[in-house]
Amino acid sequence: MAASRMDLDGRPIKPITICMIGAGGFIGSHLCEKLMSETPHKVLALDVYNDKIKHLLEPDSLPWAGRIQFHRLNIKHDSRLEGLIKMADLTINLAAICTPADYNTRPLDTIYSNFIDALPVVKYCSENNKRLIHFSTCEVYGKTIQSFLPKDSPLRQDPAYYVLKEDVSPCIFGSIEKQRWSYACAKQLIERLIYAEGAENGLEFTIVRPFNWIGPRMDFIPGIDGPSEGVPRVLACFSNNLLRREPLKLVDGGQSQRTFVYIKDAIEAVLLMIENPGRANGHIFNVGNPNNEVTVRQLAEMMTKVYTKVSGESALETPTIDVSSKEFYGEGYDDSDKRIPDMTIINKQLGWNPKTSLWDLLESTLTYQHRTYAEAIKKSMAKPTSS
Ligand SMILES: NC(=O)c1ccc[n+]([C@@H]2O[C@H](COP(=O)([O-])OP(=O)(O)OC[C@H]3O[C@@H](n4cnc5c(N)ncnc54)[C@H](O)[C@@H]3O)[C@@H](O)[C@H]2O)c1
Ligand SMILES: O=c1ccn([C@@H]2O[C@H](COP(=O)(O)OP(=O)(O)O[C@H]3OC[C@@H](O)[C@H](O)[C@H]3O)[C@@H](O)[C@H]2O)c(=O)[nH]1
């Protein structure tokens, strides 16, 4: 299988070693799975946790045993980091605090995690002439130009004012007291630093801007495999509400728009970047699905319908409730109004396009959520509160 794999230019793909930082997270777990099952590459998997990749590490009889090695470490303070980067041909950095509930409540941790902690990774790659694929975010675009136009302006219909292009769109954040933007701003600065390392010191880099990748293993279900008071990203929030048969909370009316892409489609794009360095180096790529746009309210309605189908349970009489962002996220929250990725660069360089519709990706994801969590939730809800 492995020997006959070709890159986009018809050249055989040589096996490489990848140092993957944050490999134990949502995206990392899917990327490790893909690399183990479909490629001959080796992975040095670095993270503080490994629960989401346990199934790839044990038992020793797995077909890829020996090709994936877990190193439990915190990149904030671990002298093994440079050695591991040196052992690999390519470093992929996924490590970050990346849940919006943290951006305004833990802004220092957010800025340190997304900027300061990533600095040594960039430095070690640059100094040792190692290629880097760094995970940034669609949040670097901030708000659209459209959101500043008068409500009745005909320009609002013009995609030039809302479609987000890597090499054209400005990055528009709120004021400093809107601490929501601490994450986007830290990600923007690390992008600029990586770009400058490329320009001044010849670092070979690729920057990925994910647009709401969703699927199994994303975040946690509060009170089951994460803290009861924790607030994950919207897929896990709404899954939790559906599993507990409680109304889905729509922040500020659920009017914000998002495009969601299935994690398995997005991972195909990352694999193309890994295996086609000549086409990926020096580029910043939007990775999303422009065809899967919904408001958060529409997402809630669709998830409710899909969950009813996959669980066989009846729908709630009150499926959603409105909640203010101040109540839900606290002071300093702000929001991106709309996120449609322009696909020109990734189409041209890698010929990649997403395939899965929103309904289909929710069906497979909510089937997973139901199978994984429904029993545990029932048990936890049946327990008397005093015990
Ligand atoms: N999922 C998305 O849609 C999305 C969207 C935009 C950007 N991103 C970016 O993609 C990357 C991965 O996101 P994800 O959704 O998989 O998040 P995730 O939280 O599931 O994964 C991040 C992983 O990094 C690890 N990590 C964090 N700090 C670390 C440290 N100091 N040392 C070692 N490990 C550390 C965490 O333990 C976690 O396993 C992040 O950089 C995020 O900003 C993701
Ligand atoms: O229970 C909820 C949770 C979330 N929401 C809303 O749903 C929308 C999406 O929220 P998410 O938590 O998924 O996060 P966002 O899309 O705002 O940001 C994400 O985007 C890209 C990445 O960098 C990060 O993973 C994260 O910052 C927001 O408008 C939020 O206010 C609800 O209405 N109810």
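These legends go with close-up views of a predicted model.

**View 1. Ligand 1 and the residues around it.**
Start with the ligand: 24 residues surround ligand 1. Phe 26, Asp 47, Asn 74, Tyr 183 and Trp 213 are the closest of them. By class, that shell splits into 14 nonpolar, 7 polar and 3 charged residues.

Look for Ile 75, where a backbone N or O atom sits 3.0 Å from a nitrogen atom of ligand 1. Lys 187 uses its side chain instead: one of its N or O atoms there is 2.8 Å from an oxygen atom of ligand 1. With Trp 213 we're back to the backbone, with an N or O atom 2.8 Å from an oxygen atom of ligand 1. As for cover, ligand 1 taken alone exposes 830 Å², and the protein buries 89% of that. Two elements give two or more residues to the shell around ligand 1: helix H1 (26-38) and helix H7 (182-201).

**View 2. The salt bridge between Asp 117 and Lys 76.**
The model's count comes to 23 salt bridges, and this view picks out one of them. Asp 117 pairs with Lys 76, their closest N and O atoms being 2.6 Å apart. Asp 117 belongs to the loop between helix H5 (107-114) and helix H6 (119-127), while Lys 76 belongs to the loop between strand E3 (68-72) and helix H3 (80-87), so this pair ties together parts that are 41 residues apart in sequence.

**View 3. Arg 106 and its two aspartate partners.**
Arg 106 forms a salt bridge with Asp 102, with the closest N and O atoms 3.3 Å apart. It also forms one with Asp 109, and there the closest N and O atoms are 3.1 Å apart. Asp 102 is buried, at a relative accessible area of 16%. Arg 106 is partly exposed, with 36%, and Asp 109 counts as partly exposed at 36% too. Elsewhere, shared partners join Glu 139, Arg 180, Arg 258, Asp 335 and Arg 339 into one salt-bridge network.

Leu 108, Ile 111, Tyr 112 and Ile 116 make a nonpolar surface patch of about 380 Å². Ile 116 is in the loop between H5 and H6. At 35% relative accessibility, Ile 116 counts as partly exposed.

**View 4. A cis peptide bond at Pro 59.**
Most peptide bonds are trans. The one that joins Glu 58 and Pro 59 is cis, though, with omega at about -5 degrees. You'll find Pro 59 in the loop between helix H2 (54-57) and E3.

Most residues other than glycine have a negative phi. Asp 252 sits in the loop between strand E9 (248-251) and strand E10 (257-259), and at 47% relative accessibility Asp 252 counts as partly exposed.

Notes
Residues numbered from 1 in each chain as written. Chains lettered and ligands numbered in written order. Predicted model: local features only at pLDDT ≥ 70, side-chain atom pairs only at ≥ 80, totals over all residues. Heavy atoms only, no water. Near = heavy atom within 4 Å. Polar contact = N/O pair within 3.5 Å; in protein donor to acceptor, adjacent residues only side chain to side chain. Areas by Shrake-Rupley, 256 points an atom, 1.4 Å probe, with all protein chains shown as cover. Helix = DSSP H or I, 4+ residues; strand = E, 2+ residues; numbered from the N terminus. Nonpolar A, V, L, I, M, F, W, Y, C, P; charged D, E, K, R; others polar. Salt bridge = Lys/Arg side-chain N within 4 Å of Asp/Glu carboxyl O. Buried < 20%, exposed > 50% of the residue type's maximum accessible area, 1.4 Å probe, protein only. Patch = residues over 30% accessible without salt bridge, like charges linked within 9 Å, V, L, I, M, F, W, Y side chains within 5 Å.
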